[in-house]
Amino acid sequence: MADGYRYRTAVTRLRVTESDRRLLEQTIDHWQSACNIAVEIAWPEMTDAGAVQSAGYGEIRERTDLGSQHSILATRQAASTVRSCVEHRKQGRSTSKPTFTAPTITYDPRCMTMFDDGTVSLATVENRVRVELALPDEPGGYQDEFLDDDSWTLGESTLTVEDGEFRLHMGFKKRVTDRETAEDGTVLGVDLGVENLAVTSTARFFSGRELQHVCREHARRRRALEKTGTRSANLTVRRIAGQERRYIRNELHEISRAIVDEARSHNCSVIALEELEGIYDTIAAREFAHRWAYRQLCEFIEYKAEAYEISVDYVDSRYTSQLCAECGHQARQNRPERSRFECVNCGSTSNADYNAAKNIALRYVRDGPQSSSRTGTRRCALKSGTVSPNGAFTPYPDGSEEEFADRSVA
């Protein structure tokens, strides 16, 4: 990885008093109003965060009781959401003006302070409240890895209400300056998408259709309940939002576990993922419920892989969907359909997501630094064997499923 950051999320419940609960719930209500005000201003084409802030900040301060930083964060949230809708329309999909109803609110270090005694101070529509993190009684919980390590910095976080409990999704980041390397390592490439949520360079497919179906059903129910407008309907909206988030997290845990198991079964020392910025640029938020789901999937893969001393790294995924993993020819015409790859140069065909996963693995192998002795022989794991940067192919033992397309890599 070039100079950059590694991101993780640690989740913990909060122990709140009734007065604190009242203030936090009021703040979430005002946050929803602020985001909706900003969307009204930005819709349908204003996507620049600075422009939305300039146009909406004053009205938010006038019509809500949010402080200055939360007002700014609300305009950024609205701009990001409208930007996703614009990308959605560019892909030929219909969109409607988004409405913020989920019981969540964003915090950052300007409106949230973490203390060494296990408490956190949170800005509200009135004064700040200082509440206790419900950390495990015994030291050594996974949250301690980030709270007790000065190399991890607390960043943008999300407060949610689920079944009456407040949960703080603490976002941490750590600067990473060097790509992690290992001699004679094998790399598993992973492409992330929508129809197939994840596809590995060894041809493991993880469908996203069920997730899309569940998220669309929840969205349909929310729209119907929002039209009703009763207090009972609003409470139901919050309840099903919590159900949706729990369902998504459970699915992401299952998929991340299977990806790490796939890496282990092929003796991989590295899992190569595409940079999240590339996913955000091409996939609209509504196509897989929420953008945070992709980041969370990557985080789940990271900490599960770490238990087996498998590194997780990120590569630039630009043009991996258009690039032929067989001959290296790049062209938009190589993607005649969303799920089909057919190279106009060499004629090779494959599933488009599988082709992209191979390109991600190959890009890591070819672009990553070798050892100081220049003897590193890192390879990428494909369906029927492994391939090294010079194209040398080593098949898996008899009994492994083979695919002709894996045998010739430029």
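Arg 13 is partly exposed, with a relative accessible area of 31%, where partly exposed covers the range between buried (under 20% relative accessible area) and exposed (over 50%), judged with a 1.4 Å probe and protein chains only. The structure is a predicted model, in which local features need pLDDT of at least 70 and side-chain atom pairs count only at pLDDT 80 or more, while totals for chains, interfaces and linings use all residues. Residues are numbered from 1 along each chain as its sequence is written, and side-chain values use heavy atoms, with hydrogens and water left out.

Arg 13 forms a salt bridge with Glu 165, their closest N and O atoms lying 4.0 Å apart; the term stands for a side-chain nitrogen of Lys or Arg within 4 Å of a carboxyl oxygen of Asp or Glu. This pair links distant parts of the chain, since Arg 13 belongs to strand β1 (residues 4-15) and Glu 165 to strand β8 (residues 165-176), 152 residues apart; strands are DSSP runs of E with at least two residues, helices are runs of H or I with at least four, and both are numbered from the N terminus. Glu 165 is also partly exposed, at 33%.

## Other salt bridges

By this rule the count comes to 21 salt bridges. One of them joins the side chains of Glu 162 and Arg 167 at 3.5 Å, N to O; Glu 162 is buried with a relative accessible area of 4%, whereas Arg 167, at 25%, counts as partly exposed.

Another salt bridge connects Arg 318 with Asp 316, with 2.5 Å between the closest N and O atoms. Here Arg 318 is exposed at 56% relative accessibility, while Asp 316 is partly exposed at 24%. Through shared partners, salt bridges also join Arg 13, Glu 162, Asp 163, Glu 165, Arg 167, Arg 246 and Arg 249 into one network.

## Aromatic pairs

The structure holds three aromatic pairs, a term for rings of Phe, Tyr and Trp (its six-membered ring) whose centres lie within 6.5 Å, with planes under 30 degrees apart counted as stacked, over 60 as edge-to-face and the rest as tilted. Phe 146 and Trp 152 make an edge-to-face pair, 5.0 Å centre to centre with 85° between the planes, and both residues are buried. Together with Phe 172, Phe 146 and Trp 152 form one aromatic cluster.

Phe 300 and Tyr 303 are edge-to-face because their planes stand at 85°, with the ring centres 6.0 Å apart. Both lie in helix α8 (residues 292-306), three residues apart, about one turn of the helix; Phe 300 is buried at 9%, but Tyr 303 is partly exposed at 39%.
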